[in-house]
Amino acid sequence: MWHIAKRELSNNLNSLRFALATVLLLGLMLTNAVVHLREHPERVQRYRERVSGHQNNIAAQASNSLYDLAQKGPGYLYKKPSDLRFCAEGGEAFMSDRAQAGYHRWSTDTLKSFWILAYPSATPNLDNVRPDVTKVDWGFIIGYVLSLVALLFTYDSISGERERGTLRLTLSNPIPRHTVLIGKFLGAFISVSIPFILAVLVNLLVISTSSGVHLDSEAWGRLGIIFFVAVLYTCLFLALGMLVSARVQRSAVSLVILLLVWVVFVVFMPSTLASIAGRSTSSGPTYDFSERSWKLHEELSSDYYSRHYEAPEGSTKKIEIDGEYVTKDAEQQEQLHEERLNRRIAEVHRARAITRISPVTIVQNLIESFAGTGFERHLQFLENVQTYVREFRTFIVDTDSADPESLHIFGVRTGMSQEPVSPESVPKFEDTLNLSRDFNTAATELLLLTLFVLVLLSGAYLAFVRVEV
Amino acid sequence: MLTLIRRELLDNLMTFRFAAAVFIMLLLVVSNTVVLIKDYERRLVDYNTAVKTHHQQLQDKKTYSAGGLHVDRPPNPLSIFNIGMDKQLGNQVEVYFGFVPTLWDAKMHGSDNPIMNIFSSIDIAFIFKVVLSLLALIFAYDTLAGEREQGTLRLVLTHPVRRGHILFAKYISAMVCLLVPLLMSVSLAVILLTTSTSLALSTDDFLRMAGFILTTIVYLSVFYLIGMLISALTRRTGTALMLSMFVWGFWVLIYPNMILASILPQPTVEARAASTFNQIEQLWEEFEREQEQYLKNDAVPGEDPGFGIGWVGGSMNRLNKDAATLQYYYKKGFNITEIDERSEPQMPYIQNYYQFLVPLTIDLADRTWRIRKPALEKIYVRPALIDRILLKVSPIGMYDAATQAWVGTDLLGIQDFFSAARQYRKTVIDFFYDKNAFASRQWIAADKGVADWRTLPQFSFQRSGISINATRALPDLFLLLITNVVLFVVIFLIFVKTEV
């Protein structure tokens, strides 16, 4: 077996395709590293500035009074840019990098609306008249280029030998067929891995030696997983190549079939399926949303005003009615925003589920998950935001109940603690990534990918064992 | 010659790759056309809603100065062929007398679910770019190398046929074979388009499609010739195929995505933006001084632009300022519903003031535009132009540019809309002059008669004529043709010189 693998390897190493693949992958990975080094420090810098601005904002309100803090809320919460952005760009441009934990709607002479948690959409860059192209990230390099290279290394592995007649020669020796197959597979695998590993090493070398980007140990672990995913994905295409190569008499036909399969599954499936899934469902136009929001507020207001004027002036009852109005309104509106967000997320989930038929989508989703970018990461960010918001609200309630002078009526200035709060005690938002969570979300896809590989490998085995030489 | 063509044609038609090509093209084009028509319909609904809302908003405005006019860019029905910049750039812009609108001031209609944009969508040109080029190479790789391997080339050349004729026959027959799946899929797509009720296609549109198909054929031929060149250069079909695939991967997948990432942004542009923005700010300062001067010299003492009248209603004075897009203007409007009886004698003065001020603002806007236009060209359009030129090193880039020009979704096509919006601004200003709106009471107040918008001409945007599309597409089409000729000559020279 090792003998066959070695023979395949030395055959491949001297070939034109090996040289071309090496040059191609190296060039792509270098571009990727250079672009990352150019863009990432800027991104991190911007994030830091925003976060410190946000902290100052909280401190200013906290030193005013607890009411101010409770009414204005913590303000914008920002998504932390991932250090592994070079692995997967993940459509980050279409997802907002912030959540608005301080969305104000109205104020009257005596009352101010309480903040709610809103989810602003990403603002598309409409100034950009430059042509739109795919970002050269690891996802692209692995998903598109590496898969093509894997096919180009295997399309003639069996049919080529059959054409030349050497297959008959090999099989006349007392070696079982599966050994031949595994040997060939290993040989092709190693010869694809060499240029890829070389390119990855150069890429990481450039990125890690630069002072602008810092990769911690967890990031290296994540890179390891991404590399493993890439290897699995390569195996899938190697197996596919061998399967077709075993079934087909001529290697030219084998390549034509493989290329067409590749084009359909890798290039077209993801976008077409997503479009079909996305267009078939619609979550209702935007103006409906503002109308509903307005209607809810109106209903609540008319009810409130009748009760407000009945209550005697200056009584605790009146404060209670005011407070109830403000808090109820905030609750309702926040729920509306959350409902819309959930509807949007559900729609994207549906579209993503369908596109999983294509292996390239699976691998790109996996890389995104582990690189900390993309849709799953966005969901995690939103979860972090919601956890933080709960924490913040508990903090407000606790601080208020600690003040004996407060009436403990939320929503109105007179009903709440007027004491300033020490800015240090206010909980701080931290956008953290959780590797085990990433594993959980990625598990299905990881299994699906493994399943694909196993099916194709056994398919290749069966095809090769059954076939006449 | 004809016998040669017939032989080649029969050879090609009976192959597996021909069947596969037809199947794949039909599958991809039909399924994507259905999706693309759906997408277009959705955008059309968005557009119609926006037009209706903007119309209603204008009718609700009771004074002339408060009128916020918005014009909307309809989606291009031919964007199904090449989406270009149709979805990427803003599709609604405000037309205000005190500001000249550009592409960089446009906004986007709201969308149901912005996150769905993470899924890329593809157009027919993309299918052709990727699949047709691949098919062309698959058809071409063995034309010469294959015959050489089998030894039939030697046989053919023993006959008294000229080598040029052999090449030409091979080229013609393969192109005919490749045209079958192309034309079949395109005609199915066109049938789908014409049966869809939401798409209104004009004669010009069919001519544009013809231009698109013509460009596609020329593009296809470039890739076929590239494959033939590789085939002429190599001894073995295996090597030819391998080389073809890498060449394809490089030109189609890698080059367009890599080249734009590797060019550096220019720092000088930002400095230029800052200095132009300064200039514009100065113009406005000057304008404010003139305003003060007027208030000082008029018959009413004091410099109060409100002339001390008592009123009830709303007013707006918003500064729109964006250093990145060189946007700087004040938007002023009043919506006075009630005027204090005692202030009535002041009204003629305030009317005179606006009769002086508004034409001055219009003039200022035009002057600002003269500074802003070349600066925007420098900052935004030129880098985009350089990008496009770099992309044109690959036949993909040429094809993309030419087809976008044909269907009118290129940058120039989108900018046509904004020139129409600018033209419409002039119409609106003329409308104001006709009504003598600036000096009228309805400019600021709606207490005695409201603004009359009924005679305001409607905005309509006609896409540029087919001749303009053709002029824009021709340079790139020409470039593709030249590439064809050069490739053919090179192949001919190589083929004539080689030993069989």
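Q: In which hand does α6(B) pass α13(B)?
A: This is a predicted model. In it, the crossing of α6(B) past α13(B) is right-handed.

Q: At what angle do the axes of α6(B) and α13(B) cross, and how should I read that?
A: Take the distance and the angle together. Helix α6 of chain B covers residues 163-195, and helix α13 of chain B covers residues 466-497. Their axes come within 10 Å and cross at roughly 130°. That makes the α6(B) and α13(B) pair oblique. An angle over 145 degrees would have counted as roughly antiparallel.

Q: Which residues of α6(B) and α13(B) meet?
A: On α6(B), look at B:Arg163, B:Gly164 and B:Leu167. They meet B:Ile491, B:Phe492, B:Phe495 and B:Val496 on α13(B). By class, this contact has five nonpolar residues, one polar and one charged.

Q: What is the angle between α4(A) and α8(A)?
A: Run the reading again, now in chain A. The axes of α4(A) and α8(A), residues 217-247, come within 8 Å and cross at roughly 30°. α4(A) is therefore roughly parallel to α8(A), since angles under 35 degrees count that way. α4(A) passes α8(A) in a right-handed crossing.

Q: Which residues make the contact of α4(A) with α8(A)?
A: From α4(A), they include A:Trp138, A:Ile142, A:Leu146 and A:Ala150. From α8(A), they include A:Ile226, A:Tyr233, A:Phe237 and A:Met242. The contact of α4(A) with α8(A) divides into eleven nonpolar and five polar residues, with no charged ones.

Q: How is the size of an interface given?
A: Often as the accessible area lost when the parts come together. Here, count residues instead. In chain A, 55 residues are in contact with 63 residues of chain B.

Q: Which helix supplies the largest share of the side of chain A that touches chain B?
A: α9(A) does, with 18 residues. α2 (16-64), α4 (138-154), α9 (251-280) and α11 (316-355) of chain A each supply at least two residues of that side. By class, the side has 34 nonpolar, 13 polar and eight charged residues.

Q: What radius of gyration does chain A have?
A: Chain A has 29 Å, while a compact globule of 469 residues would be near 23 Å. Then check the extents. The C-alpha trace of chain A spans about 105 × 50 × 45 Å along its principal axes.

Q: How many helices and strands are in chain A?
A: Chain A has 14 helices and three strands. Buried residues make up 42% of its 469 residues. For contacts in chain A between residues at least 6 apart in sequence, 84% join residues at least 24 apart.

Notes: Residues numbered from 1 in each chain as written. Chains lettered and ligands numbered in written order. Predicted model: local features only at pLDDT ≥ 70, side-chain atom pairs only at ≥ 80, totals over all residues. Contact = placed C-beta atoms within 7 Å. Helix = DSSP H or I, 4+ residues; strand = E, 2+ residues; numbered from the N terminus. Nonpolar A, V, L, I, M, F, W, Y, C, P; charged D, E, K, R; others polar. Rg over C-alpha atoms; globule rule 2.2 N^0.38 Å. Buried ≥ 20, exposed ≤ 12 C-beta atoms within 10 Å, placed from the backbone. Axes fitted to C-alpha atoms, helices over the stretch in contact; angles between N-to-C directions. Parallel < 35°, antiparallel > 145°, perpendicular 65-115°, else oblique. Left-handed = near helix turned anticlockwise from the far one by under 90°.
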